[in-house]
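Have the sequence and the 3D view handy as we go.

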Amino acid sequence: MTNLDTRAIDEAAARLREGLLHAFPTETVYGLGADATNADAVLSIYETKGRPRFNPLIVHCADLEMAERYGTFSLLARQLAETFWPGPLSLVVPLKPGHGLADIATAGLETIALRVPDHPVALGLLRAADRPLAAPSANPSGKLSPTTAEQVRRGFAGKVPVLDGGPCKAGVESTIIAVDGEIVIQLRAGALARETIEEVIGRPVVQAEEGAAISAPGMLLSHYAPNAHMRLDTTPRPGEAFLAFGQEQAFDGTMLNLSLSGDLHEAARNLFSMLHELDATGAGMIAVAPIPETGLGEAINDRLRRAAAPRS
Ligand code: TXA
Ligand code: MG
(Lines give C-alpha, C1' and ligand atoms only; values in the text may rest on other atoms or scores of the structure.)
(Ligands and ions follow the chains in the order given, each with its own letter.)
Protein backbone atom coordinates (compact mmCIF):
# COMPACT_ATOMS: atom_id res chain seq x y z
CA MET A 1 0.00 0.00 0.00
CA THR A 2 2.86 2.36 0.71
CA ASN A 3 6.60 2.18 0.50
CA LEU A 4 7.14 4.65 3.32
CA ASP A 5 10.20 3.43 5.17
CA THR A 6 10.31 2.96 8.90
CA ARG A 7 12.87 5.76 9.17
CA ALA A 8 10.35 8.37 8.03
CA ILE A 9 7.84 6.97 10.53
CA ASP A 10 10.44 6.98 13.33
CA GLU A 11 11.36 10.59 12.57
CA ALA A 12 7.71 11.64 12.67
CA ALA A 13 7.27 9.74 15.96
CA ALA A 14 10.27 11.54 17.46
CA ARG A 15 8.81 14.90 16.44
CA LEU A 16 5.50 14.01 18.04
CA ARG A 17 7.20 12.94 21.27
CA GLU A 18 8.94 16.33 21.35
CA GLY A 19 5.54 18.03 21.31
CA LEU A 20 5.55 19.02 17.63
CA LEU A 21 2.78 18.40 15.11
CA HIS A 22 2.93 15.87 12.29
CA ALA A 23 0.28 14.99 9.72
CA PHE A 24 -0.29 11.35 8.80
CA PRO A 25 -2.57 9.24 6.60
CA THR A 26 -5.48 7.18 7.90
CA GLU A 27 -7.97 5.09 5.95
CA THR A 28 -10.53 7.94 6.17
CA VAL A 29 -8.73 11.28 5.71
CA TYR A 30 -5.32 12.69 6.68
CA GLY A 31 -5.00 13.63 10.36
CA LEU A 32 -3.05 16.44 12.02
CA GLY A 33 -1.45 14.62 14.94
CA ALA A 34 -0.16 15.70 18.34
CA ASP A 35 0.76 13.84 21.52
CA ALA A 36 -2.59 13.80 23.35
CA THR A 37 -0.84 13.81 26.74
CA ASN A 38 0.92 17.11 25.98
CA ALA A 39 -1.31 20.18 26.47
CA ASP A 40 0.98 22.54 24.51
CA ALA A 41 1.14 20.16 21.59
CA VAL A 42 -2.65 19.78 21.54
CA LEU A 43 -3.06 23.54 21.82
CA SER A 44 -1.00 24.00 18.66
CA ILE A 45 -3.48 21.76 16.77
CA TYR A 46 -6.24 24.26 17.60
CA GLU A 47 -4.00 27.19 16.64
CA THR A 48 -2.76 25.65 13.40
CA LYS A 49 -6.28 24.74 12.26
CA GLY A 50 -7.98 27.87 13.61
CA ARG A 51 -10.34 25.49 15.37
CA PRO A 52 -12.77 26.63 18.08
CA ARG A 53 -11.56 25.41 21.48
CA PHE A 54 -14.95 23.95 22.41
CA ASN A 55 -14.59 21.33 19.69
CA PRO A 56 -12.96 18.19 21.15
CA LEU A 57 -10.54 15.97 19.23
CA ILE A 58 -10.54 12.26 18.42
CA VAL A 59 -7.74 10.42 20.23
CA HIS A 60 -6.12 7.73 18.07
CA CYS A 61 -4.72 4.57 19.65
CA ALA A 62 -2.69 1.62 18.39
CA ASP A 63 -5.20 -0.93 19.70
CA LEU A 64 -8.11 -1.50 22.09
CA GLU A 65 -5.76 -2.16 25.00
CA MET A 66 -4.26 1.32 24.62
CA ALA A 67 -7.73 2.87 24.19
CA GLU A 68 -8.86 1.27 27.47
CA ARG A 69 -6.29 3.33 29.35
CA TYR A 70 -8.25 6.46 28.44
CA GLY A 71 -11.87 5.42 28.15
CA THR A 72 -14.25 3.20 30.11
CA PHE A 73 -15.80 0.64 27.78
CA SER A 74 -19.18 -0.94 28.50
CA LEU A 75 -19.78 -4.45 27.12
CA LEU A 76 -21.58 -2.93 24.14
CA ALA A 77 -18.80 -0.41 23.48
CA ARG A 78 -16.23 -3.19 23.67
CA GLN A 79 -18.23 -5.31 21.23
CA LEU A 80 -18.22 -2.41 18.75
CA ALA A 81 -14.47 -1.85 19.21
CA GLU A 82 -13.64 -5.53 18.84
CA THR A 83 -15.75 -5.82 15.70
CA PHE A 84 -14.76 -2.65 13.87
CA TRP A 85 -11.23 -1.75 15.04
CA PRO A 86 -8.93 -1.08 13.38
CA GLY A 87 -11.43 0.84 11.24
CA PRO A 88 -13.42 4.01 10.58
CA LEU A 89 -15.40 4.04 13.83
CA SER A 90 -14.88 6.60 16.62
CA LEU A 91 -16.40 5.61 19.94
CA VAL A 92 -17.45 8.23 22.49
CA VAL A 93 -17.13 6.71 25.97
CA PRO A 94 -16.66 8.08 29.52
CA LEU A 95 -13.14 9.34 30.27
CA LYS A 96 -11.30 7.04 32.62
CA PRO A 97 -10.16 8.56 35.94
CA GLY A 98 -6.39 9.15 35.95
CA HIS A 99 -6.28 9.09 32.13
CA GLY A 100 -3.32 11.47 31.92
CA LEU A 101 -4.53 13.16 28.72
CA ALA A 102 -4.45 16.92 28.21
CA ASP A 103 -7.89 18.31 29.18
CA ILE A 104 -7.91 20.46 26.07
CA ALA A 105 -7.94 17.30 23.89
CA THR A 106 -11.46 16.54 25.09
CA ALA A 107 -12.37 20.24 25.41
CA GLY A 108 -13.04 19.58 29.09
CA LEU A 109 -15.83 17.03 28.44
CA GLU A 110 -16.22 13.95 30.63
CA THR A 111 -16.31 11.75 27.57
CA ILE A 112 -13.67 10.98 24.96
CA ALA A 113 -13.80 9.99 21.29
CA LEU A 114 -11.39 7.10 20.63
CA ARG A 115 -10.46 5.28 17.46
CA VAL A 116 -7.92 2.78 16.10
CA PRO A 117 -7.23 3.71 12.45
CA ASP A 118 -6.92 1.00 9.80
CA HIS A 119 -3.79 2.23 8.06
CA PRO A 120 -0.30 0.71 8.26
CA VAL A 121 1.40 4.13 8.45
CA ALA A 122 -0.93 5.42 11.18
CA LEU A 123 -0.54 2.22 13.19
CA GLY A 124 3.24 2.23 12.69
CA LEU A 125 3.37 5.84 13.87
CA LEU A 126 1.21 5.15 16.95
CA ARG A 127 3.44 2.24 17.93
CA ALA A 128 6.68 4.13 17.30
CA ALA A 129 5.48 7.22 19.20
CA ASP A 130 4.04 5.00 21.94
CA ARG A 131 1.58 7.80 22.73
CA PRO A 132 -2.10 8.37 22.05
CA LEU A 133 -2.38 10.88 19.21
CA ALA A 134 -5.04 13.58 19.11
CA ALA A 135 -5.77 14.12 15.43
CA PRO A 136 -8.48 16.11 13.68
CA SER A 137 -8.63 16.15 9.90
CA ALA A 138 -5.52 17.94 8.60
CA ASN A 139 -7.22 20.98 7.08
CA PRO A 140 -7.81 24.56 8.22
CA SER A 141 -11.04 24.59 10.25
CA GLY A 142 -14.18 24.71 8.09
CA LYS A 143 -12.40 23.77 4.85
CA LEU A 144 -12.46 20.54 2.83
CA SER A 145 -10.84 17.52 4.49
CA PRO A 146 -7.66 16.24 2.81
CA THR A 147 -7.41 12.77 1.29
CA THR A 148 -3.88 13.20 -0.12
CA ALA A 149 -0.60 14.45 1.37
CA GLU A 150 -0.46 17.17 -1.30
CA GLN A 151 -3.80 18.61 -0.11
CA VAL A 152 -2.42 18.77 3.44
CA ARG A 153 0.69 20.62 2.26
CA ARG A 154 -1.38 23.09 0.26
CA GLY A 155 -3.87 23.63 3.10
CA PHE A 156 -1.17 24.64 5.57
CA ALA A 157 1.14 26.27 3.00
CA GLY A 158 3.84 23.65 3.54
CA LYS A 159 4.20 24.50 7.26
CA VAL A 160 3.16 21.09 8.56
CA PRO A 161 5.27 18.00 7.81
CA VAL A 162 3.25 15.08 6.47
CA LEU A 163 3.85 11.35 6.05
CA ASP A 164 2.70 10.48 2.54
CA GLY A 165 0.73 7.23 2.53
CA GLY A 166 -1.01 7.81 -0.80
CA PRO A 167 -4.72 8.58 -1.29
CA CYS A 168 -7.06 7.57 1.57
CA LYS A 169 -9.13 4.50 0.73
CA ALA A 170 -12.38 5.53 2.46
CA GLY A 171 -12.31 9.26 1.71
CA VAL A 172 -14.79 10.47 4.36
CA GLU A 173 -14.23 10.74 8.11
CA SER A 174 -15.01 8.04 10.65
CA THR A 175 -18.53 7.37 11.87
CA ILE A 176 -18.87 8.72 15.43
CA ILE A 177 -20.94 6.60 17.81
CA ALA A 178 -21.77 7.25 21.48
CA VAL A 179 -22.87 4.33 23.62
CA ASP A 180 -25.20 5.42 26.40
CA GLY A 181 -26.26 2.36 28.40
CA GLU A 182 -28.09 0.15 25.90
CA ILE A 183 -28.61 2.96 23.40
CA VAL A 184 -26.29 3.48 20.44
CA ILE A 185 -26.31 7.03 19.07
CA GLN A 186 -24.76 8.16 15.79
CA LEU A 187 -23.19 11.59 16.30
CA ARG A 188 -21.71 11.80 12.81
CA ALA A 189 -22.39 9.69 9.72
CA GLY A 190 -19.11 8.45 8.29
CA ALA A 191 -17.14 5.78 6.48
CA LEU A 192 -18.74 2.93 8.42
CA ALA A 193 -22.37 2.62 7.26
CA ARG A 194 -25.04 2.76 9.96
CA GLU A 195 -26.63 -0.42 8.51
CA THR A 196 -23.37 -2.34 8.98
CA ILE A 197 -23.28 -1.41 12.67
CA GLU A 198 -26.94 -2.35 13.13
CA GLU A 199 -26.36 -5.79 11.59
CA VAL A 200 -23.63 -6.53 14.14
CA ILE A 201 -25.32 -5.25 17.30
CA GLY A 202 -28.84 -6.29 16.33
CA ARG A 203 -30.39 -3.04 17.48
CA PRO A 204 -31.12 0.32 15.87
CA VAL A 205 -28.52 3.08 15.78
CA VAL A 206 -30.33 6.32 16.55
CA GLN A 207 -29.36 9.61 14.95
CA ALA A 208 -28.36 12.35 17.43
CA GLU A 209 -30.60 15.41 17.30
CA GLU A 210 -28.89 18.76 16.74
CA GLY A 211 -28.29 20.30 20.17
CA ALA A 212 -29.15 17.11 22.12
CA ALA A 213 -27.43 16.34 25.42
CA ILE A 214 -25.09 13.93 23.68
CA SER A 215 -23.80 15.41 20.44
CA ALA A 216 -20.57 16.10 18.59
CA PRO A 217 -19.77 19.76 19.31
CA GLY A 218 -17.96 19.96 15.97
CA MET A 219 -21.01 19.42 13.83
CA LEU A 220 -21.29 23.04 12.76
CA LEU A 221 -23.71 23.39 9.89
CA SER A 222 -21.38 25.17 7.48
CA HIS A 223 -18.30 23.00 7.22
CA TYR A 224 -16.26 21.17 4.60
CA ALA A 225 -16.64 24.31 2.52
CA PRO A 226 -14.84 24.70 -0.79
CA ASN A 227 -13.97 28.27 -1.84
CA ALA A 228 -16.67 28.03 -4.50
CA HIS A 229 -20.30 28.13 -3.42
CA MET A 230 -22.22 24.91 -3.76
CA ARG A 231 -25.76 23.88 -4.50
CA LEU A 232 -27.43 20.52 -4.85
CA ASP A 233 -29.20 20.01 -8.17
CA THR A 234 -29.60 17.42 -10.95
CA THR A 235 -29.01 20.02 -13.67
CA PRO A 236 -26.03 22.37 -13.67
CA ARG A 237 -26.38 25.87 -15.11
CA PRO A 238 -24.02 27.39 -17.69
CA GLY A 239 -20.78 28.60 -16.07
CA GLU A 240 -21.03 26.28 -13.06
CA ALA A 241 -18.74 23.34 -12.40
CA PHE A 242 -20.66 20.07 -12.03
CA LEU A 243 -20.06 17.11 -9.74
CA ALA A 244 -22.13 14.27 -11.21
CA PHE A 245 -23.03 10.85 -9.81
CA GLY A 246 -24.04 7.79 -11.82
CA GLN A 247 -24.61 7.51 -15.54
CA GLU A 248 -23.00 9.93 -17.93
CA GLN A 249 -24.74 13.24 -18.45
CA ALA A 250 -24.24 15.86 -21.13
CA PHE A 251 -22.89 19.16 -19.82
CA ASP A 252 -20.90 21.79 -21.63
CA GLY A 253 -18.57 22.77 -18.80
CA THR A 254 -16.19 21.37 -16.19
CA MET A 255 -17.67 18.10 -14.93
CA LEU A 256 -16.36 15.28 -12.75
CA ASN A 257 -18.26 12.12 -11.83
CA LEU A 258 -18.12 10.69 -8.27
CA SER A 259 -18.88 7.22 -9.64
CA LEU A 260 -20.12 6.41 -13.14
CA SER A 261 -21.37 3.02 -11.94
CA GLY A 262 -23.19 4.60 -8.98
CA ASP A 263 -20.91 2.90 -6.42
CA LEU A 264 -21.13 4.71 -3.07
CA HIS A 265 -17.71 3.52 -1.81
CA GLU A 266 -16.09 4.92 -4.94
CA ALA A 267 -18.10 8.14 -4.54
CA ALA A 268 -16.97 8.56 -0.90
CA ARG A 269 -13.35 7.99 -1.90
CA ASN A 270 -13.62 10.64 -4.65
CA LEU A 271 -15.74 13.18 -2.77
CA PHE A 272 -13.20 15.52 -1.18
CA SER A 273 -10.57 15.08 -3.92
CA MET A 274 -13.04 16.02 -6.64
CA LEU A 275 -14.33 18.99 -4.65
CA HIS A 276 -10.70 20.11 -4.21
CA GLU A 277 -10.18 19.66 -7.96
CA LEU A 278 -13.32 21.55 -9.04
CA ASP A 279 -12.50 24.28 -6.54
CA ALA A 280 -9.06 24.68 -8.11
CA THR A 281 -10.67 25.55 -11.48
CA GLY A 282 -11.82 28.80 -9.88
CA ALA A 283 -15.51 28.14 -10.55
CA GLY A 284 -17.79 30.40 -8.52
CA MET A 285 -20.45 27.73 -8.09
CA ILE A 286 -20.29 23.94 -7.96
CA ALA A 287 -23.56 22.10 -8.66
CA VAL A 288 -23.70 18.62 -7.14
CA ALA A 289 -26.00 15.80 -8.20
CA PRO A 290 -28.17 14.11 -5.55
CA ILE A 291 -26.83 10.91 -3.94
CA PRO A 292 -29.03 8.08 -2.56
CA GLU A 293 -29.39 8.28 1.25
CA THR A 294 -28.44 4.63 1.88
CA GLY A 295 -25.17 3.10 3.15
CA LEU A 296 -22.28 5.52 2.68
CA GLY A 297 -24.72 7.89 0.96
CA GLU A 298 -25.68 9.12 4.42
CA ALA A 299 -22.13 10.36 5.11
CA ILE A 300 -21.68 11.76 1.60
CA ASN A 301 -24.95 13.72 1.78
CA ASP A 302 -24.08 15.00 5.25
CA ARG A 303 -20.79 16.44 3.93
CA LEU A 304 -22.52 17.89 0.84
CA ARG A 305 -25.27 19.55 2.88
CA ARG A 306 -22.70 21.15 5.17
CA ALA A 307 -20.55 22.28 2.25
CA ALA A 308 -23.61 23.85 0.62
CA ALA A 309 -24.94 25.45 3.84
CA PRO A 310 -25.04 29.26 4.12
CA ARG A 311 -21.75 30.48 5.62
CA SER A 312 -21.57 32.73 8.59
O1 TXA B 1 -11.83 9.96 10.33
C2 TXA B 1 -11.70 10.73 11.27
O3 TXA B 1 -12.42 10.69 12.28
C4 TXA B 1 -10.59 11.80 11.15
C5 TXA B 1 -9.24 11.06 11.12
C6 TXA B 1 -8.07 11.99 11.14
O7 TXA B 1 -9.19 10.13 12.17
N8 TXA B 1 -10.65 12.74 12.22
C9 TXA B 1 -11.64 13.67 12.31
O10 TXA B 1 -11.51 14.55 13.36
O11 TXA B 1 -12.58 13.73 11.54
P12 TXA B 1 -12.29 15.95 13.46
O13 TXA B 1 -11.63 16.70 14.52
O14 TXA B 1 -12.35 16.60 12.11
O15 TXA B 1 -13.73 15.55 13.95
C16 TXA B 1 -13.91 15.12 15.27
C17 TXA B 1 -15.35 15.16 15.66
C18 TXA B 1 -15.86 16.55 15.95
O19 TXA B 1 -17.12 16.72 15.35
C20 TXA B 1 -15.96 16.55 17.47
O21 TXA B 1 -16.95 17.42 17.94
C22 TXA B 1 -16.30 15.09 17.77
O23 TXA B 1 -15.50 14.38 16.87
N24 TXA B 1 -15.93 14.68 19.14
C25 TXA B 1 -14.70 14.54 19.68
N26 TXA B 1 -14.77 14.19 20.98
C27 TXA B 1 -16.07 14.10 21.28
C28 TXA B 1 -16.80 13.78 22.49
N29 TXA B 1 -16.20 13.50 23.62
N30 TXA B 1 -18.15 13.79 22.42
C31 TXA B 1 -18.79 14.08 21.27
N32 TXA B 1 -18.16 14.39 20.11
C33 TXA B 1 -16.82 14.41 20.12
MG1 MG C 1 -12.67 17.82 10.32
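First, some housekeeping. This is a predicted model, where local features need pLDDT of at least 70 and side-chain atom pairs count only at pLDDT 80 or more, while totals for chains, interfaces and linings use all residues. Residues are numbered from 1 along each chain as its sequence is written, chains are lettered from A and ligands numbered from 1 in the order in which they are written, and side-chain values use heavy atoms, with hydrogens and water left out.

Let's begin with helix 1 (residues 6-17) and helix 5 (residues 120-129), whose axes come within 9 Å and cross at roughly 50 degrees. Helices here are DSSP runs of H or I with at least four residues, numbered from the N terminus. Axes are lines fitted to C-alpha atoms over the stretch in contact, and angles run from 0 to 180 degrees between N-to-C directions. Helix 1 and helix 5 are therefore oblique to each other (angles under 35 degrees count as roughly parallel, over 145 as roughly antiparallel, 65 to 115 as roughly perpendicular and the rest as oblique). Who touches whom? On the helix 1 side, Ile 9, Asp 10, Ala 12, Ala 13, Leu 16 and Arg 17 meet Val 121, Gly 124, Leu 125, Ala 128 and Ala 129 of helix 5, where contact means heavy atoms within 4.5 Å. Sorted by class, that contact has 8 nonpolar, 1 polar and 2 charged residues (Ala, Val, Leu, Ile, Met, Phe, Trp, Tyr, Cys and Pro count as nonpolar, Asp, Glu, Lys and Arg as charged, and the others, Gly among them, as polar).

Next up are helix 4 (residues 75-84) and helix 7 (residues 194-201), with axes that come within 11 Å and cross at roughly 120 degrees. Here Leu 76, Gln 79, Leu 80, Thr 83 and Phe 84 from helix 4 meet Thr 196, Ile 197, Val 200 and Ile 201 from helix 7.

Now find helix 8 (residues 264-280) and helix 9 (residues 297-308), which cross at roughly 25 degrees. Helix 8 and helix 9 are therefore roughly parallel to each other.

Finally, the ligand. Of the 27 residues around ligand 1 (those with a heavy atom within 4 Å of it), Thr 28, Asn 55, His 60, Ser 174 and Gly 218 come nearest. An N or O atom in the side chain of His 60 is 2.6 Å from an oxygen atom of ligand 1.

Key:
Helix = DSSP H or I, 4+ residues; strand = E, 2+ residues; numbered from the N terminus. Polar contact = N/O pair within 3.5 Å; in protein donor to acceptor, adjacent residues only side chain to side chain.
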